[in-house]
Amino acid sequence: MKNIGTIVAAAFLAIVLILYMCTFQVRFTEVAIRKTWGNPAKEAITKPGLYFKWPAPIQNVVEYDKRIRTLEDKTEETRTRDGKNLLLTTFTLWRITDPSKFHTNFPGGELDGERKLRTTIVTQRQAIVGNHTFDELVTTDPSRRKLREIEQEIEAAVAKDASEEYGIEVVGFGIRKLGLPQSVTSTIFSSMKAHEQAKAARYIAEGDARANDILAEAGAAQERILAAANEKVGTIKAEAERVVGEYYKEFNKHPELRIFLDKLRTVAEALKERTTLILDASEPPWDVFDAASRSRVAPAKRLNDPNAGTVPGER
């Protein structure tokens, strides 16, 4: 009985060992490839489950994590087309989609593939940024900024190389950090300041020119209005003089009345304000207030009038 138990236990262990050597499990986060005598299979195993294989050294299994990974590049200086240096830090989202191609290129493992991908990113980044000017990455004018387009160019170039050569899919790419070296910061800022000052000076000059145009237009309008007003005034004065002339014709028939009215107008002009006057009422035009003077003038006129004192109809 003891021998039977030992045999059963040994057989169970042997079965477990054989199953261990002839089976392997692929998790849902992994992809795997079988290698037969060191040669990887062309088809990868992408579905999770339990699979069989020949025991080593006939067949071996290489497993890779298929989840998306983040590769953040170190900050390096990159030169633009117009000779200015930038500090760029980029990130790349990638995953393994072709385990056979990846294993063929990087038999040493995933770290070798990551290093190669990093080299490809640096090469493409320098080449593409070198085709663009500084103000396409750093500018105060949003219409000239092409940062997103540059990111897409680098992503497309890296994705093409990574997919065709390494079996890697680039899911995303971006510039995480953009800066300027200390050696060129002051120079670039001075250049940007001068550029903005030139723009400000141009705007001021345009404003002054516009202001001069507006003043010239206003002056011309003023002259036109004054000319029209003067013409109107001349017309009114001519009409007034004509009317006054008609009145003066009537006044000339009665000179004493015209003289009296002129005196009254003069007095009215002098007394428009509240005024205290000390004057000789016998002097014109103030003699209009002197009733005695008027009474003295009347007899004198009657003496000089040959018809004075006569009855109408008599001689």
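This is a short chat about a predicted model of a protein chain.

Me: What should I keep in mind about the numbers here?
Reply: Because the model is predicted, local features need pLDDT of at least 70 and side-chain atom pairs count only at pLDDT 80 or more, while totals for chains, interfaces and linings use all residues. Residues are numbered from 1 along each chain as its sequence is written, and side-chain values use heavy atoms, with hydrogens and water left out.

Me: How many helices and strands does the protein chain have?
Reply: There are seven helices and nine strands, taken as DSSP runs numbered from the N terminus (helices H or I, at least four residues; strands E, at least two).

Me: In what order do the three strands of the open sheet lie?
Reply: The order is β3-β2-β5 with antiparallel pairing, where two strands pair if DSSP finds at least two bridges between them. The edges are held by β3 (39-40) and β5 (59-65), each with a single partner strand, so one side of each has no neighbour in the sheet.

Me: And how many bridges join β2 to β3?
Reply: Two bridges join β2, residues 30-36, to β3, and K35 stands opposite P40 of β3.

Me: Switching to E30, is it buried or exposed?
Reply: E30, which lies in strand β2, is buried with a relative accessible area of 14%, where buried means under 20%, exposed over 50% and partly exposed in between (1.4 Å probe, protein chains only).

Me: Which residues does E30 touch?
Reply: Leaving aside residues up to four places away in sequence, E30 touches Q25, T46, E63, Y64 and K66, a contact being heavy atoms within 4.5 Å.
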